[in-house]
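Subject: Structure handover and findings

Hello,

Here is the structure I promised to pass on. Please open it alongside this note. My findings follow below.

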Amino acid sequence: MDGWYVDDRCTNCDVARQFAPDLITEADGASQIIRQPRDEAETRRLHAAVFACPTRSIRPRSGRPDQSLDPFPMALDDGVLICGHNSQHTAGANSYLLLRPSGSVMMIDTPRWSRELAARYTALGPVTDVLLTHRDHVAHGRRYADHFGARLWIHEGDLDAAPDADQVIRGLEPVEIGEGVTAHPLPGHTQGSVLYLADDRYCFSGDSFYWSRTTGDLEVAESVTWYSIEELANSLARTAPQLRFEWVLPGHGDRHHLPADEMSQRLQALTERTRRLHPQPIDFTAVRW
């Protein structure tokens with residue numbers, strides 16, 4: 001398995017680096033292999049990066065990646081798994097499976113479409129809902145929802161991106177969409193951005209905020225906030241006091257687990273920092289992954 005490299009299709013989406021940060025780094029606006037894996041554990045981490053990468057840019061010079069080492073869906077905690085197999089049509093966004101006490105499953109955003117992948121997800125239990133966080137991540141939503149016989153959710157602010165959604169979240173007030181699961185409208189990244197909170201433990205933040213390995217803290221991606229950074233600041237100020245969670249699980253950027261009290265303190269500090277931000281031109285290179 002020697003001779004791993006990143007090919008020139010890489011879009012610098014950061015997905016691979018999230019799974020194997022000790023093996024893959026960012027250089028000249030793209031991912032780059034730092035060194036080859038040294039043992040079985042590192043080989044498995046590299047394969048997680050391989051099978052998550054939306055452009056399939058991480059490759060061995062000889063042969064193909066070991067399909068038996070595809071770890072997805074991969075458990076992050078007792079109640080949540082990450083889907084892997086990120087899609088180019090969602091700019092490489094992460095997607096998740098939320099396990100419910102009833103034995104059913106909710107999908108938050110979507111991986112690339114594949115019947116084989118859909119079968120893996122339904123093996124965990126019947127998927128009842130596909131929850132879209134915002135317009136950038138709608139690709140494959142309808143197809144997965146129809147395959148599962150599930151309800152497709154989106155906020156009215158981004159409804160034009162998924163006009164055939166089954167359930168439309170309206171206004172700015174939190175909405176309970178299932179036992180223990182609440183949708184919190186959070187306009188800012190887009191007009192219809194939504195944060196999904198589950199069991200006071202899991203926060204599916206879409207592209208509203210994420211964990212940065214660079215700063216070691218919660219951050220907003222102000223340089224790619226399409227709708228309004230001022231509106232995002234207002235949304236955080238309104239919503240942060242209502243949120244309690246241990247896991248931040250974003251679409252883009254890293255995920256992280258902390259005690260709920262510490263996460264609340266960091267979210268409040270992020271809210272204060274975001275108040276001081278001003279609109280700026282879109283610049284993907286300025287995101288602090």
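I start with helix H4 and what its buried residues pack against: E8, helix H3 (115-122), E9 and E10. Some ground rules apply. This is a predicted model, in which local features need pLDDT of at least 70 and side-chain atom pairs count only at pLDDT 80 or more, while totals for chains, interfaces and linings use all residues. Residues are numbered from 1 along each chain as its sequence is written, and side-chain values use heavy atoms, with hydrogens and water left out.

A few terms. Helices (H or I, at least four residues) and strands (E, at least two) are DSSP runs, numbered from the N terminus. Buried means under 20% relative accessible area, exposed over 50%, and partly exposed in between (1.4 Å probe, protein chains only). Contact means heavy atoms within 4.5 Å.

Helix H4

H4 covers residues 141-148. It lies across strand E8 (105-108), strand E9 (127-131) and strand E10 (151-155). H4 runs at about 170° to E9. Such angles run from 0 to 180 degrees between N-to-C directions, with axes as lines fitted to C-alpha atoms, for helices over the stretch in contact.

Which residues of H4 are buried? They are Gly-141, Arg-142, Tyr-144, Ala-145 and Phe-148. Seen down the axis of H4, these fall within an arc of 165°, so they line one face of the helix. The arc is that of the directions from the helix axis to the C-beta atoms. Arg-143 and Asp-146 are exposed, on the face turned away from the buried side. Gly-149 follows H4, and its phi is positive, near 70°.

Arg-142 deserves a look. It sits in H4. Leaving aside neighbours within four places in sequence, Arg-142 is in contact with Ala-150, Leu-152, Asp-164, Ala-165 and Asp-166. Gly-216 is 74 residues away from Arg-142 in sequence and 36 Å away in space, C-alpha to C-alpha.

Helix H3

H3 has buried residues too: Leu-117, Ala-118 and Tyr-121. They cover an arc of only 100° around the axis, which puts them on the same side of H3. Their cover includes E7, E8 and H4.

The sheet

Seven strands form an open sheet, in the order E5-E6-E7-E8-E9-E10-E11, with mixed pairing. Two strands pair if DSSP finds at least two bridges between them. The edge strands are E5 (74-77) and E11 (167-169), each pairing on one side only. The twist averages 25° from one strand to the next.

Here are some of the pairings:
- E5 and E6 (residues 80-82) are antiparallel, over three bridges. Asp-77 has Val-80 in E6 as its bridge partner.
- E8 and E9 are parallel, over four bridges. Ile-108 stands opposite Leu-131 in E9.
- E9 and E10 also run parallel, joined by three bridges. Val-130 stands opposite Leu-152 in E10.

The chain crosses from E9 through H4 to E10, and this β-α-β crossover is right-handed. E8, H3 and E9 make a right-handed β-α-β unit. Right-handed means that, with the strands pointing away from the viewer, the path from the first strand over the helix to the second runs clockwise. Four of the five residues of E9 are buried, so E9 is largely enclosed by the rest of the structure.

Cores

A nonpolar core is a set of buried Ala, Val, Leu, Ile, Met, Phe, Trp, Tyr and Cys residues joined through side-chain atoms within 4.5 Å. The largest has 37 residues. Those touching the most other members are Phe-19, Ile-24, Ile-58, Leu-98, Tyr-196, Tyr-202 and Phe-204. Helix H2 (residues 40-52) gives the most to this core, with six residues. Another core, of 21 residues, lies apart from it; among them are Val-105, Val-127, Ile-154 and Ala-165.

Two threonines

Thr-90 lies in the loop between E6 and strand E7 (96-99). It is buried, with a relative accessible area of 1%. Beyond its neighbours within four places in sequence, Thr-90 is in contact with Thr-110, Asp-136, His-137, Ala-139 and His-252.

Thr-43 lies in helix H2. It is buried as well, with a relative accessible area of 17%.

Best wishes
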